[in-house]
Amino acid sequence: MNELAWEFDAKIRSWFLPFVWTQVFGFLRFIGIENPFVWAFVARLLSAGLGIWASLRIFHYFSKTYFKSELQSKLALVLTWSMFFLPFFRARVSGENWGG
């Protein structure tokens, strides 16, 4: 009996995120951090950082196209960051979150 998930046989699972976390957790083990709660915190911190960086890059790229003045751009940035739930979504460690 195959104990792997059905996605394995269908070959639809991504290898990238498991590879990234294997490397990150391997580095944490190398420097002596064995606590899984610290690993989870580091994973969420890196995921949130990547999400915030990507959001800012996308905003700055499109703000030049869609906003006529600097005031409109700043107002849109403030309104975007006032959505309290976005950091929680960004900190979620998943392929869907990293993929956009």
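This is a predicted model: local features need pLDDT of at least 70, side-chain atom pairs count only at pLDDT 80 or more; totals for chains, interfaces and linings use all residues.

Residues are numbered from 1 along each chain as its sequence is written, and side-chain values use heavy atoms, with hydrogens and water left out.

**Aromatic pairs.** A search of the whole structure gives eight aromatic pairs, where rings of Phe, Tyr and Trp (its six-membered ring) pair if their centres lie within 6.5 Å, and planes under 30 degrees apart count as stacked, over 60 as edge-to-face and the rest as tilted. Select tryptophan 21 and phenylalanine 25 to see a stacked pair, with 5.8 Å centre to centre and 25 degrees between the planes. Both belong to helix H2 (residues 16-30), and because they are four residues apart there, about one helical turn separates them; helices (H or I, at least four residues) are DSSP runs, numbered from the N terminus. Tryptophan 21 is buried at 8% relative accessibility, whereas phenylalanine 25 is partly exposed at 23%; here buried means under 20% relative accessible area, exposed over 50% and partly exposed in between (1.4 Å probe, protein chains only).

Next select tyrosine 61 and phenylalanine 62, whose rings form an edge-to-face pair at 4.9 Å centre to centre, with 85 degrees between the planes. Tyrosine 61 counts as exposed, at 58% relative accessibility, and phenylalanine 62 as partly exposed, at 37%. To finish this stop, select Trp15, Phe16 and Phe19, which form one aromatic cluster.

**Salt bridge.** Select arginine 29 and glutamate 34, which form a salt bridge with their closest N and O atoms 3.5 Å apart. A search of the whole structure finds one such bridge, defined as a side-chain nitrogen of Lys or Arg within 4 Å of a carboxyl oxygen of Asp or Glu. Glutamate 34 is partly exposed, with 47% relative accessibility.

**Largest pocket.** Which residues line the largest pocket? Select Glu7, Ile12, Arg13, Ser14, Phe16, Leu17, Pro18, Gly95 and Glu96 to display the lining. The elements giving two or more residues to this lining are H2 and helix H6 (95-99), and H2 gives the most, with three residues. A pocket is an open set of points on a 1 Å grid over the protein atoms alone, where a 1.4 Å probe fits, with protein on both sides within 12 Å along at least five of seven lines, and lining residues have an atom within 4 Å of a point.

**Between H3 and H4.** Select phenylalanine 59 in helix H3 (residues 36-66) together with alanine 76 in helix H4. These residues are 17 apart in sequence and 9.2 Å apart in space, C-alpha to C-alpha. Phenylalanine 59 is buried at 14% relative accessible area, and alanine 76 is also buried, at 16%.

**Methionine 83.** Finally, select methionine 83, in the loop between helix H4 (70-81) and helix H5 (86-91). Methionine 83 counts as partly exposed, at 35% relative accessibility.
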